[in-house]
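Dear colleague,

Please find below the structure that I am handing over to you, together with its sequence. My findings follow it, and I would be grateful if you read them with the structure open.

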Amino acid sequence: KNHQKGDPKTPLEPHVLIFPIPIQGPVNCFLKLAELLCLSGIYVTFLNTDHIHRPLLRHTNILSRFNRYPNFRFETIPDGVNFENPVSAANIKEVLEGANIVSKPIFREMMISGRLSKRSERPVTAMILDAFFGFAVEVGLETSTPVFCFQTISPCCSWTSFFNLPTLIEAGEVPFREEDMDKLVENVPGTQHLLRKRDLAGFCRLDDMSNGEVQRVLKEALLTPRTQGLIVNTFEELDALVLPYMRKLCPNIYPIGPLHSLHKVRILANTTQPQNISSNSVWKEDCTCLSWLDKHPPKTVVYVSIGSLAMMKFEQLLEIWYGLVNSGKPFLWVRRPGSISDGYDESHVPSELLDHTKEMGCIVDWAPQEDVLAHQAVGAFMTHSGWNSTMESIAVGVPMICWPYFYDQQVISRFVGEVWKVGVDIKDTCDRLIVEKAIRDMMDKNRDIFTQSAILWENLAKESISEAGSSSKSLARLVADIISLSS
Ligand code: UDP
């Protein structure tokens, strides 16, 4: 049993150390989970690497949000990364390597010799670590403190391309070459005839395998089942295909999604200032696009965004642009600065695109995405299939045109198209005709079919976060487990 220092009789107060990888998307998810735990009375120390903490403080009102919780505090840890977030896919590796090299020994010292874990006034009684951070999980497991992992990526990727990676490699299915992209994957239980090799996580492709990600994933697949439990951002019904298989390896799974919705209802129920639910995004949101959306009838606008890391080439930008313009639908397009890998040069954009966009389009650097997707004018979401974007879209019943960029997005887009049937997957193509056709199919020809399944998932998502819903119950179980492991 754990007891307060100096007083062997008093049980410890539950105190969770939370440590996400220093990338916007995961940090955002971890902050939401942290706030939910604070609301349950658990003491939370949120550990950020310097790289993500500085811009988070500078660009968000995060401190004033969390100041109202006496049971919350931030701690930081150096990572040796000397450029400013936001990162893009181009420098993500450097950020993670920084953490792996610089933060690792410091974290180890913090936890094992004890600055954070034992000597603080309130010892850490449990850790919630990013499953991605193998070194942190290893350190956690070395201590006697219970460790929970949070995987902010999609469970469909986690099952198909993480937990099954050793089998896929052994069976010779991974890595695979360009010419094998359309061969069916045979060694992922539960997914017969569903996945082509191109639908496995991006790092399984031969071209992508050199970046060390495979070794990291293999380590994660071994470490995660050794922890106390695995937290995932999904709901039971949505991942009914993969969760039973994942439970064979990690019996204790807590599906608490859609996390952003669960977070929102809980905060609203606990605050008199709803404006406080602002996002944790380090990009400044341009809210003028909401009044632009107000001018459009229901379900007429295509919303386009590739999230915080993905990039596209100028040539691809033009194909998508033509596809949008030729579809004849108005569009709201987020063009994150720096997201065109070979640079954006307006003098090379055909004037017909620019003229049409003045009439039919709205382009912003960064949008308040949850509000945009919830806006009645939005009828389709052309997305890079990031897991957060996908959950945000599913939660409000917006069908998706999936143009995945990397990592779990290749798997998610397949599940969107073939399992949840709430969109179309146009991966590995970038052609104006395909984009135009996908938009017309979704918004005109097959509109009823897409609307039907989008509403089905929206309702199931809402049910899961209702008081008696599966995600609410999972969260309550997580809280109860953290408390009982502390006493
Ligand atoms: N997002 C946003 N405004 C934008 C584009 C994206 O707030 O203009 C948010 C979006 O709501 C989501 C996150 O950025 O929560 C993107 O996360 P996702 O997992 O979809 O992709 P990633 O950026 O990690 O590739």
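Leu433 has its place in helix 17, which covers residues 432–445. From Leu433 to His263, the distance between C-alpha atoms is 39 Å, and the two are 170 residues apart in sequence. Please bear in mind throughout that this is a predicted model.

**The protein as a whole**

The protein contains 19 helices and 13 strands. Its radius of gyration is 22 Å, close to the 23 Å that the globule rule gives for 487 residues, so the protein is as compact as a globular protein of that length. Along the principal axes, its C-alpha atoms fill a box of roughly 75 × 55 × 45 Å. Of the 487 residues, 49% are buried. Among contacts with a separation of 6 or more, 72% are between residues 24 or more positions apart.

Leaving aside residues up to four places away in sequence, Val44 touches Val16, Ile18, Ala34, Leu37, Cys38, Asn71 and Phe72.

Helix 1 itself has 16 residues and reaches 23 Å from its first C-alpha to its last, close to the 22 Å expected at 1.5 Å a residue. Because 15 of its 16 residues are buried, helix 1 is largely enclosed by the rest of the structure. After helix 1 comes Gly41, with a positive phi near 90°.

**The surroundings of the ligand**

Which residues come nearest to the ligand? Of the 18 residues around the ligand, they are Gly25, Gly307, Gln369, Gly386 and Ser389. The largest share, four residues, comes from helix 15. By type, the shell holds six nonpolar, ten polar and two charged residues.

Ser389 is found in helix 15. Is Ser389 buried or exposed? Ser389 is buried, because 25 other C-beta atoms lie within 10 Å and 20 or more are enough to count as buried. Not counting residues up to four places away in sequence, Ser389 touches Ser305, Gly307 and Thr383.

Most residues other than glycine have a negative phi, and most peptide bonds are trans. The following cases depart from that pattern.

- A cis peptide bond, with omega about 0°, joins Val174 and Pro175; Pro175 is in the loop between helix 7 (165–170) and helix 8 (213–223).
- Gly257 and Pro258 are also joined by a cis peptide bond, with omega about -5°; Pro258 is in the loop between strand 7 (253–255) and helix 10 (259–270).
- Tyr407 has a positive phi, near 55°, and is found in the loop between strand 12 (400–402) and helix 16 (409–419). Tyr407 counts as buried, with 24 C-beta neighbours inside 10 Å.
- Lys421 has a positive phi, near 50°, and is placed in the loop between helix 16 and strand 13 (423–425). With 17 C-beta neighbours inside 10 Å, Lys421 counts as partly exposed.

Yours sincerely

Technical notes
Residues numbered from 1 in each chain as written. Predicted model: local features only at pLDDT ≥ 70, side-chain atom pairs only at ≥ 80, totals over all residues. Near = placed C-beta within 6 Å. Helix = DSSP H or I, 4+ residues; strand = E, 2+ residues; numbered from the N terminus. Nonpolar A, V, L, I, M, F, W, Y, C, P; charged D, E, K, R; others polar. Contact = placed C-beta atoms within 7 Å. Rg over C-alpha atoms; globule rule 2.2 N^0.38 Å. Buried ≥ 20, exposed ≤ 12 C-beta atoms within 10 Å, placed from the backbone. Expected span 1.5 Å × (residues − 1).
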